[in-house]
Amino acid sequence: MTPGTLVLLHSPLTTASAWGSLPAALGAYDVVVPEVTDDDRPPYAGRYVARAALEITAAGARPPLVLVAHGDAGPLLPPIGAAQRAAHRLVGGYVFLDARLPGPGTSRPYREEEVPVGVTVRQRGGDFLGEEPPMAQDWPDAPCGYLATSDRYQDQVRQARMRGWEVRESLFSHFSAVIDPGATAEALTALISAL
């Protein structure tokens, strides 16, 4: 598929710093990188979705959009996609980049040694970690793919394969966008082309 815009959605446990220089490495695409930091009280997921939708609109993202989620942004893809459809912006695909899939599950905070220098980690309490994100009823409404860059979500990789999604593994780091943006851009581009 050929997207109009890639939207890179950082985990609610980090900031957009987790994308490193990946946006620049994706130079062949229009890229939007929402920065969501005002989801600091319940409903956390609802606040994240609303802020991301506002930033996608403000950036003038051209459809079709490919929504790319990292880590704990994965479960938020269905409501973010629904918000885009409500705004009459076509979502052409969903990509989980070393991310949790929608459905039951809890967030797992990062250990300090897992996080490269330059990535800002947001400290979250138990109420955030236990909140279940909303689920859109008619999801998925576009092709889905999974790019695994670490062993952190291998159970999610198995589930993606069972769902018949396009899956690629390029194991080097959960924060591959920061560690090796060129290789991550190449793997992401190949996955999106296969959707």
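Good morning. The largest cavity is lined by 16 residues, and Asp72, Ser107, Phe128, Glu131 and Pro133 lie nearest its centre. A cavity here is a set of points, on a 1 Å grid over the protein atoms alone, where a 1.4 Å probe fits but cannot get out, and lining residues have an atom within 4 Å of a point.

This is a predicted model, in which local features need pLDDT of at least 70 and side-chain atom pairs count only at pLDDT 80 or more, while totals for chains, interfaces and linings use all residues. Residues are numbered from 1 along each chain as its sequence is written, and side-chain values use heavy atoms, with hydrogens and water left out.

How many cavities of 30 Å³ or more does the structure hold? There is 1. The space in the largest cavity is about 150 Å³, where a volume is the space filled by probe spheres set on the grid points, and points are joined across faces, edges and corners. The lining has 9 nonpolar, 3 polar and 4 charged residues; Ala, Val, Leu, Ile, Met, Phe, Trp, Tyr, Cys and Pro count as nonpolar, Asp, Glu, Lys and Arg as charged, and the others, Gly among them, as polar. Helix α2 (44-58) and helix α4 (126-130) each supply at least two lining residues, and α2 gives the most, with 3 residues. Helices (H or I, at least four residues) and strands (E, at least two) are DSSP runs, numbered from the N terminus.

I turn now to the sheet. In the order β2-β1-β3-β4-β5-β6, 6 strands form an open sheet with parallel pairing; two strands pair if DSSP finds at least two bridges between them. Because β2 (30-32) and β6 (166-169) stand at the edges with a single partner strand each, one side of each has no neighbour in the sheet. From one strand to the next, the twist averages 20 degrees. Angles run from 0 to 180 degrees between N-to-C directions, with axes fitted to C-alpha atoms, for helices over the stretch in contact. Strands β1 (residues 5-9) and β3 (residues 65-71) are joined by 5 bridges, and Val7 has Leu67 as its bridge partner in β3.

Finally, helix α5 (residues 154-162) lies across β4, β5 (144-148) and β6, at about 145 degrees to β6. Is Ala160 of this helix buried or exposed? Ala160 is buried (under 20% relative accessible area, against over 50% for exposed and partly exposed in between, with a 1.4 Å probe and protein chains only), because its relative accessibility is 0%. Leaving aside neighbours within four places in sequence, Ala160 is in contact (heavy atoms within 4.5 Å) with Leu101, Tyr146, Trp165 and Val167.

How values were computed:
1 Å grid on protein atoms, 1.4 Å probe; cavity = no way out; pocket = protein on both sides within 12 Å on 5 of 7 lines; lining within 4 Å.
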